[in-house]
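Q: Can you walk me through this model before I plan anything around it? I'd like plain answers.

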Amino acid sequence: RKVALPSSSPSSSTKKGLKDDGKDDDQEDLKEEDQDDDEDNATEEEQKEIKETFSFVHDRIHESFYKQMNEDRRTSLHHRIGTLLKQHKLDQANLQKQNLFDVARHLNIGSPLITSLEGLIDLIQVNHIASKEAFHSAAFTQSEAFAESALKAINEIHTKIEPSFQYDQMFELQMLLTESKYLLQKFEETEEELERAREIAGQDKPNLITVLRMYVSLHNNLGQYSKAIKFGYEAFEILGAP
């Protein structure tokens with residue numbers, strides 16, 4: 001008796017199933033290859049940006065977290081942020097103004113923790129550059145604030161660390177502060193700052209002339225013409241004019 005053996009070739013339905021499975025596998029392989037290609041095509045800069053970019057979901061979360069910190073913790077946090085930003089941002093050739101302003105703001109808030117001579121000189125320099133940049137951008141409120149912070153750091157050096165310390169650009173900082181106040185129409189404060197600028201100028205003729213010219217502009221603007229003339233004559237005398 002002959003027994004029919006099952007055919008070794010798959011049935012049509014089995015063939016169809018195998019074909020379908022093959023198609024699915026091929027599609028999955030293609031998808032994986034496309035993903036790999038996308039990852040390879042992403043530039044290093046984009047990958048770096050993806051890794052470094054993160055933020056709170058909402059500003060309110062940031063604000064709430066900040067308010068829960070005590071004053072010492074805030075000071076420490078700002079000092080650390082300012083220091084890190086300075087290391088990573090100010091060393092770049094393509095420095096942006098906003099980076100500079102952010103560094104100065106954070107360091108100023110964290111300034112109670114800056115006690116060394118080197119740290120204070122660094123603080124002065126950052127604020128000096130930031131004040132000049134803000135002034136040239138007509139951001140006079142910011143220029144005023146940065147100049148005040150720099151001069152405060154100089155005073156800190158004089159009173160607590162090195163009384164004989166002389167900062168070469170102290171007069172320039174004082175004039176930045178004075179002119180910023182003048183352009184913000186804080187005229188009483190401007191006159192007070194001019195007195196300080198004159199003390200710093202001492203017997204330096206060019207600096208004295210700069211101060212006296214500012215006096216003339218201030219009093220002209222206030223309609224105090226007799227005072228303006230008085231300071232103008234004083235400038236002529238320093239210059240040796242007949």
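What follows is a short chat about this model.

Q: What is the mean pLDDT of the chain?
A: The mean is 80, and 70% of the residues reach 70 or more. pLDDT is the predictor's confidence in each residue, from 0 to 100.

Q: Where does pLDDT stay under 50?
A: Residues 1-16 are one such stretch, with one contact beyond four places in sequence. Residues 38-42 are another, with two contacts beyond four places. Contact here means heavy atoms within 4.5 Å. Where pLDDT is low, the predicted coordinates should not be read in detail.

Q: OK. How many helices and strands?
A: The chain has 11 helices and zero strands. Both are DSSP runs numbered from the N terminus: helices are H or I with at least four residues, strands are E with at least two.

Q: How much of the chain is buried?
A: Buried residues make up 27% of the 242 residues. Buried means under 20% relative accessible area, exposed over 50%, and partly exposed in between, with a 1.4 Å probe and protein chains only.

Q: And what share of contacts comes from residues 24 or more positions apart?
A: Among contacts with a separation of 6 or more, 58% are of that kind.

Q: How do H8 and H9 cross?
A: H8 covers residues 170-183 and H9 covers residues 187-201; their axes come within 8 Å and cross at roughly 165°. Axes are lines fitted to C-alpha atoms, for helices over the stretch in contact, and angles run from 0 to 180 degrees between N-to-C directions.

Q: What sits in the loop between them?
A: Glutamine 185 is found in that loop. Its phi is near 65°, a positive value in a residue other than glycine. Most residues other than glycine have a negative phi, and most peptide bonds are trans. Glutamine 185 is exposed, with a relative accessible area of 60%.

Q: Which other loop residue has a positive phi?
A: Alanine 138 has a phi of about 65°, and it is found in the loop between H6 (117-136) and H7 (140-161).

Q: At what angle do H7 and H8 pack?
A: About 145°, with their axes 9 Å apart. Among the residues that meet are Leu151 and Ile154 in H7, and Leu173 and Leu177 in H8.

Q: Last one: is threonine 75 buried or exposed?
A: Threonine 75 is buried, with a relative accessible area of 11%. It is found in H4 (residues 71-89). Leaving aside neighbours within four places in sequence, threonine 75 is in contact with Ile109, Gly110, Pro112 and Leu113.

Key
Residues numbered from 1 in each chain as written. Predicted model: local features only at pLDDT ≥ 70, side-chain atom pairs only at ≥ 80, totals over all residues. Heavy atoms only, no water.
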